[in-house]
Amino acid sequence: MSDFEFDPPAPASIAIHDSRSRFPVRRIFCVGRNYAAHAREMGKDPDREPPFFFTKPADAVVDNGSRIPYPPETADFHYEIELIVAIGQDCVDVPQEAALDMVWGYGVGIDLTRRDLQLAARDKGRPWDWGKAFDLSAPIAPLHRAAQVGHPSQGRIWLAVNGVSRQEADIAELIWDVPEIISILSRSMALKRGDIIMTGTPAGVGAIVPGDRVTGGIDGLGEIEIEIAEPASTARHGGKAA
């Protein structure tokens with residue numbers, strides 16, 4: 001067994017509905033602009049673009065019910081409600097007709113975004129990491145096993161801030177559906193057990209501030225709730241609370 005210079009961090013994981021077990025997270029893939037109305041509100045034409053992807057680190061995962069500090073270096077912090085797909089089988093170059101066999105389950109998540117940093121990077125042709133892949137940027141509610149809920153292809157997806165509706169659509173409106181997403185991703189790299197796919201958000205994205213309560217859900221997959229807290233106060237070099 002290998003010796004480590006210091007103890008490795010605990011593996012990132014997501015709660016599982018009606019279980020004490022947790023789903024270990026390997027990687028998080030995100031699909032960009034996968035609802036036509038959202039693509040248009042971001043100034044793009046969904047009818048001319050193939051799907052594209054970006055990633056978040058596994059430890060960006062946050063449990064349902066968490067209080068999330070307003071992140072640093074942004075003045076435009078956004079919510080994006082999404083259907084979550086959890087991969088349960090290792091696979092490469094999967095045909096669409098076999099893609100759903102790779103799915104362990106589904107859930108509800110929020111792609112938190114530092115929009116000003118994302119757009120500044122986009123406009124300069126740079127990667128989106130600083131806008132998308134920051135700490136605590138992937139709240140995900142408990143996952144539901146596909147064996148119990150099937151493979152949802154339609155159903156209301158919604159998000160509200162302080163009880164006011166901000167996003168509402170149907171997952172049937174995905175430009176690239178779940179089998180297509182899995183098949184396309186698996187052509188480029190191996191998907192493995194523990195991989196998570198955030199499938200894109202409907203129109204209606206917007207800013208949130210400290211004190212806001214964000215709720216959302218998808219028919220048949222439950223709901224998610226987070227609260228936005230004041231920015232964390234940390235020491236510059238030690239990482240301890242000031």
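**Sheets, a helix and salt bridges**

In this predicted model, five strands form an open sheet with mixed pairing, in the order E6-E18-E17-E13-E14. Helices (H or I, at least four residues) and strands (E, at least two) are DSSP runs, numbered from the N terminus, and two strands pair if DSSP finds at least two bridges between them. At the edges of this sheet lie strand E6 (67-69) and strand E14 (164-170), each of which pairs on one side only. On average, neighbouring strands of the sheet are turned by 20 degrees against each other, direction ignored; the axes are lines fitted to C-alpha atoms, and angles run from 0 to 180 degrees between N-to-C directions. Within the sheet, strand E17 (residues 213-218) pairs with strand E18 (residues 222-229) in the antiparallel sense, over six bridges. Gly-217 stands opposite Glu-223 in E18.

Because the model is predicted, local features need pLDDT of at least 70 and side-chain atom pairs count only at pLDDT 80 or more, while totals for chains, interfaces and linings use all residues.

Another open sheet has three strands in the order E10-E7-E16, with antiparallel pairing. Its edge strands are strand E10 (113-114) and strand E16 (206-207), each pairing on one side only. Strand E7 (residues 77-79) and E16 run antiparallel and are joined by two bridges. His-78 has Ala-207 in E16 as its bridge partner.

Buried means under 20% relative accessible area, exposed over 50%, and partly exposed in between (1.4 Å probe, protein chains only). The buried residues of H6 include Val-178, Pro-179, Glu-180 and Leu-185. They pack against several elements, among them strand E3 (28-31), strand E8 (81-87), strand E9 (103-110) and strand E15 (196-198).

The loop between E15 and E16 holds Thr-199, which is buried with a relative accessible area of 1%. Leaving aside its neighbours within four places in sequence, Thr-199 is in contact (heavy atoms within 4.5 Å) with residues including Val-31, Glu-82, Leu-174 and Ile-181.

The whole structure contains eleven salt bridges, a salt bridge being a side-chain nitrogen of Lys or Arg within 4 Å of a carboxyl oxygen of Asp or Glu. In one of them, Arg-22 pairs with Asp-63, with the closest N and O atoms 2.9 Å apart. Arg-22 lies in strand E2 (residues 22-24) and Asp-63 in strand E5 (residues 61-63), so this pair ties together parts that are 41 residues apart in sequence.

A salt bridge also joins Asp-195 and Arg-26 (3.2 Å, N to O). Asp-195 is in the loop between H6 and E15 and Arg-26 in the loop between E2 and E3, so parts 169 residues apart in sequence are tied together. Asp-195 is buried, at a relative accessible area of 0%, whereas Arg-26 is partly exposed at 35%.

Glu-80 and Arg-115 form a salt bridge as well, the closest N and O atoms being 2.7 Å apart. Glu-80 is buried at 4% relative accessibility, and Arg-115 is buried at 3%. Through shared partners, salt bridges join Lys-56, Glu-80, Asp-111, Arg-115 and Lys-132 into one network.

Methods:
Residues numbered from 1 in each chain as written. Heavy atoms only, no water.
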